Amino acid sequence: MKKILSLALVALIVLSLMAGCSNNKPANNGKSEVKTIGLAISTLNNPFFVDLEAGAKAKAAELNVKLVTLDSQDDSATEMSNVEDLINQGVDVIMINPTDSDAVKSAVEAANKANIPVITLDRGANGGTVVSHIASDNVAGGKLAGEYIVELLGGKGKVVELEGIPGASAARDRGEGFNSAIAGTDLKVVAKQTANFDRAQGLTVMENILQAQPEIDAVFAHNDEMALGALEAIKASGRNTLVVGFDATDDAKAAVAKGEMAATVEQLPKEIGSLGIQTAVKVLNGEKVENMIPVNLQLVKK
Amino acid sequence: MTMNKFINKLLKNKPLIVLIITSVVVSVLNPRFSTWGNILTILRQTSINAVIATGMTFAILIGGIDLSVGSVLGFCGAIAATMIASGTNVFIVVITALLLGTAIGFLNGTLVTAGRLQPFIATLGTVTLLRGIIMVFTQGRPVSTGNTDASAFFGKIGGGFIGPIPVPVYIMLLVFIAAYYILNHTRIGRYVYASGSNEEATIYSGINTNKVKLFVYSVSGMMAALAGILVTARLGSAQPNAGVGYELDAIAAVVLGGTSMAGGIGTIAGTAIGALIIGVLNNALNLMQVSSYYQDVAKGIVILIAVLLDRKQKLLR
């Protein structure tokens, strides 16, 4: 009798669990006006992507579309399953923020096969057909940093560029933007070396540069980790140099607030999510969309 | 007596009851759940965990555990992807990966028997060790299988169909059948149950339980390697963090299937149902658009209920 009771208990709990969870009843079989957009997000365990989702959610509410977010938990196999589930659920557009550009290929192809348009956010896909890719404009961000250094130095001086991992698109684009901003001014890049986006390497590379260069007015690092490493080297040398980083990490923002770093470039994840929904709605309305949509960045300074 | 028999029978089917109730409830709430396409999706998604859980069933049946399965999956997947990318024949790749997984399992078994380590501790060591080796080997970057004919053929193992059914589903069924046969119709299978129920008595009856353990951990390693092949083939790339946490889903499937963590009691059919329960839950919670934070809460509750019932079952004995 006790056993039967426990069985009944299981049944009850499973039942109430399911009932409790289905706060949105599937009234969308047949003809529903509200379109559904699926979002497979790489992780909801990182503030950047939580913000991205929040931006998408807010825009979805504003434009009266339904957003279904599934968390890939930084696992490509989970991402694959999530996209399959979104397809089976019959969503109208799938937005993917890939865990990895290569591994997402099969997921994009599965959506293509089901004739559901795919939009990628923040990271691209190396395969399948994607109607639009929305990501931070790293070139514009590098330019922003370059222009700020030009402004602070009055258009004249010697600068050091600490580069990211050679070949990484973020390193390439940030460098390109920075160099285009200082082109035509009297700013000269006296040293340009990679520190692989790494704080410890930023420190040692900067130490070496400080030894070699008697005069340095500013440092632009392709990310905050390298900027903070360089800052340590500069502090130890007792010299005074402007440092501008990229990413607006908490450490970097604190350094900017203390006046140790001049600035850092901040990405706008909410804007990425919001633009994702806008683009998805355009796709649903049959409008043409750009296949690459850059998102602006902003400068964090004291 | 008859009442007892009836209760025992009911208890044996308990996982099935949970699966049926869950499926019925979900199909009522969301008609899309019970479509043919979605059922195939669930089966394909379940196949990876089901294969790992089959190996895990062996380990748990002898009263042990294998925490290293996720790392074995990641390691063998990375090796397989590298070999495919370098143009090695697909069959050679599959066999190498399986042998590698078996060898790692054998190593786990050696640590447990010759090294006299608790299985939990031994495999806790290998889980970290192997993950480190994966990172060194891949330099922390994903390994793509490339865009060759060989990689396309390899991809069929994870993403292809034979008739209307996905290939991994066939593989899962073959694994179930083989494991069922070994556990129920071979001498080594009976030794597995015997050493799990009472190791000392088994030793006194002249059976070398160390050999049984080596066999069991080798099977578990081989199954994890097979799952690694399935994941890598499906994604066309091996991720350095592939398989992290997969041991937990596998253990959950085994326990949900009614296998006792103390060893000696359990069936492959139970594990199959346990893996399906987890697959159905994952899929259903997604279809019903439950936030991922709540999904973990729901899964945790289901696992806890299963463990509580497992405890009751043992008290009954």
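## Chain B: contacts and overall form

Take contacts in chain B between residues at least 6 apart in sequence: 80% of them join residues at least 24 apart. Two residues are in contact if their C-beta atoms, placed from the backbone, lie within 7 Å. This is a predicted model: local features need pLDDT of at least 70, side-chain atom pairs count only at pLDDT 80 or more, and totals for chains, interfaces and linings use all residues. Residues are numbered from 1 along each chain as its sequence is written, while chains are lettered from A and ligands numbered from 1 in the order in which they are written.

Chain B holds 14 helices and four strands. Helices (H or I, at least four residues) and strands (E, at least two) are DSSP runs, numbered from the N terminus. A compact globule of 317 residues would have a radius of gyration near 20 Å, and the 20 Å of chain B agrees with that. The radius is taken over C-alpha atoms, and the globule rule is 2.2 Å times the number of residues to the power 0.38. Along the principal axes, the C-alpha atoms of chain B fill a box of roughly 65 × 55 × 35 Å. Buried residues make up 52% of the 317 in chain B. A residue is buried if 20 or more other C-beta atoms lie within 10 Å of its own, exposed if 12 or fewer, and partly exposed in between, with C-beta atoms placed from the backbone.

## Chain A: the parallel sheet

Six strands of chain A form an open sheet, ordered β2-β1-β3-β4-β5-β11, with parallel pairing. Its edge strands are β2 (66-71) and β11 (292-295) of chain A, each pairing on one side only. Neighbouring strands of this sheet are turned by 20° against each other on average, direction ignored. Two strands pair if DSSP finds at least two bridges between them. Strand β1(A) (residues 36-41) and β2(A) pair in the parallel sense over six bridges. Here A:Ile41 stands opposite A:Asp71 of β2(A).

Axes are lines fitted to C-alpha atoms, for helices over the stretch in contact, and angles run from 0 to 180 degrees between N-to-C directions. Helix α10(A) (residues 269-284) lies across β1, β3, β4 (118-121), β5 (132-136) and β11 of chain A, at about 165° to β5(A).

## Chain A: the mixed sheet

Another open sheet of six strands has the order β7-β6-β8-β9-β10-β12 in chain A; its pairing is mixed. At its edges stand β7 (186-194) and β12 (298-301) of chain A, each with a single partner strand, so one side of each has no neighbour in the sheet. Neighbouring strands are turned by 20° on average, direction ignored. Strands β8 (residues 218-221) and β9 (residues 242-246) of chain A run parallel and are joined by three bridges. A:Phe220 has A:Val244 in β9(A) as its bridge partner.

Helix α9(A) packs on the sheet, touching β9, β10 and β12 of chain A; its direction makes about 140° with that of β10(A). Helix α6(A) (residues 169-182) lies across β6 (156-163), β7, β8 and β9 of chain A, running at about 175° to β6(A).

## A loop glycine

A:Gly259 sits in the loop between α9 (250-257) and β10 (263-266) of chain A. A:Gly259 counts as exposed because it has 8 C-beta neighbours inside 10 Å. A:Lys301 is 42 residues from A:Gly259 in sequence, yet 8.8 Å away in space, C-alpha to C-alpha.

## Confidence

Chain B averages a pLDDT of 91, and 93% of its residues score at least 70. pLDDT is the predictor's confidence in each residue, from 0 to 100. The model scores ipTM 0.78 and pTM 0.78.
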